[in-house]
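Dear colleague,

Please find below the structure for your review. My notes on it follow directly after.

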Amino acid sequence: MSAFFITGTDTEIGKTTVTAGLTFLGARLGLRSVAIKPLAAGQDFVDGRWVNEDVQCLRAASNVALTDPQVGPLQLRTPCAPHIAAQLEDRRIERAPLLAAVGQTLALGDIGFVEGVGGFRVPLIDGWDTADMAVDLALPVIVVVGMRLGCINHALLTAEAIRSRGLQVVGWVANTVDPAMPYLEDNLAALAAGLKAPCWGQVPRLQNPSPAAVAAHLKLDALRQAMETA
């Protein structure tokens with residue numbers, strides 16, 4: 001199968017909506033397309049059970065029947081950094097079981113998208129962060145760039161950190177966080193020159209950012225080519 005690790009330039013920059021769009025795009029290729037968010041912090045009590053909004057979004061985007069635990073193996077209730085949420089809730093983040101859970105869900109699809117949490121380097125346990133997780137999974141990386149002031153610096157530092165770990169930046173997606181961002185085209189040009197990776201799409205601020213709506217702004221050929229060369 002083919003699989004990709006999705007990271008972002010920061011938190012709250014639309015990483016999940018882009019991951020859902022990519023998952024929908026994978027299904028358009030006629031593939032069993034799955035998405036996984038290994039760690040998800042922040043749950044709401046809905047219809048008698050605790051749910052995480054991002055996990056629900058990714059589960060809905062997949063064309064494979066998955067359970068909540070298959071999409072979100074470790075879900076924490078407190079909406080904060082995972083290692084802090086785990087401490088507050090007296091829960092453990094365990095490296096081997098988490099990686100095994102990701103592998104089990106990926107095995108159910110022909111193509112998979114593993115979404116990190118926050119930016120590229122978020123601490124999980126002593127000696128292991130989300131960058132280490134990406135290395136353990138050994139997947140090519142797609143960077144979601146939140147288009148707002150400061151995004152060039154954040155994106156270039158993220159790409160540098162990814163490559164320093166021996167991982168490939170296979171592409172990037174520009175996601176509009178600030179629809180009033182000045183000099184948008186100039187920023188996009190600087191990102192294209194600095195990231196030295198193909199842009200997989202530019203997603204505008206959508207009133208209803210459903211997986212299908214996001215996928216309409218992503219490049220199917222970019223995904224197909226990445227699968228062929230991975």
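Predicted model: local features only at pLDDT ≥ 70, side-chain atom pairs only at ≥ 80, totals over all residues.

On helix α7, E160 and S164 are exposed, exposed meaning over 50% relative accessible area, buried under 20% and partly exposed in between, with a 1.4 Å probe and protein chains only. They lie on the other side of α7 from its buried residues, which are C151, A155, T158, A159 and I162.

Residues are numbered from 1 along each chain as its sequence is written, and side-chain values use heavy atoms, with hydrogens and water left out. Helices (H or I, at least four residues) and strands (E, at least two) are DSSP runs, numbered from the N terminus.

Helix α7 itself comprises residues 151-164, 14 residues in total, and reaches 20 Å from its first C-alpha to its last, close to the 20 Å expected at 1.5 Å a residue; the expected span is 1.5 Å times one less than the number of residues. Just after α7, G166 takes a positive phi of about 80 degrees.

The sheet is open and has 6 strands in the order β2-β7-β1-β10-β11-β12, with parallel pairing; two strands pair if DSSP finds at least two bridges between them. At the edges are β2 (33-36) and β12 (199-203), each of which pairs on one side only. From one strand to the next, the twist averages 20 degrees. Axes here are lines fitted to C-alpha atoms, for helices over the stretch in contact, and angles run from 0 to 180 degrees between N-to-C directions.

Strand β1 is mostly covered, with 7 of its 7 residues buried. S2, F4, I6 and G8 point one way from β1, whereas A3, F5 and T7 point the other way. β1 is joined to β7 by 5 bridges, with A3 opposite G112 in β7. To β10, β1 is joined by 4 bridges, and F5 stands opposite V141. Elsewhere in the sheet, β11 and β12 pair over 4 bridges, and N175 stands opposite V203 in β12. Helix α5 (residues 95-106) lies across β1, β2 and β7 (111-115), running at about 165 degrees to β2.

D68 lies in helix α3 (residues 68-71) and counts as buried at 9% relative accessibility. Its side chain makes polar contacts with the side chains of R49, at 2.7 Å, and Q56, at 3.0 Å. A polar contact is a pair of N or O atoms within 3.5 Å; within protein, one must be able to donate a hydrogen and the other to accept it, and residues adjacent in sequence count only if both atoms are side-chain atoms.

Two residues have a positive phi of about 55 degrees although neither is a glycine: D90 and A138. D90 is in the loop between α4 (82-88) and α5, and is exposed at 75% relative accessibility. A138 lies in the loop between α6 (130-137) and β10, and is exposed with a relative accessible area of 55%.

Yours sincerely

Notes
Contact = heavy atoms within 4.5 Å.
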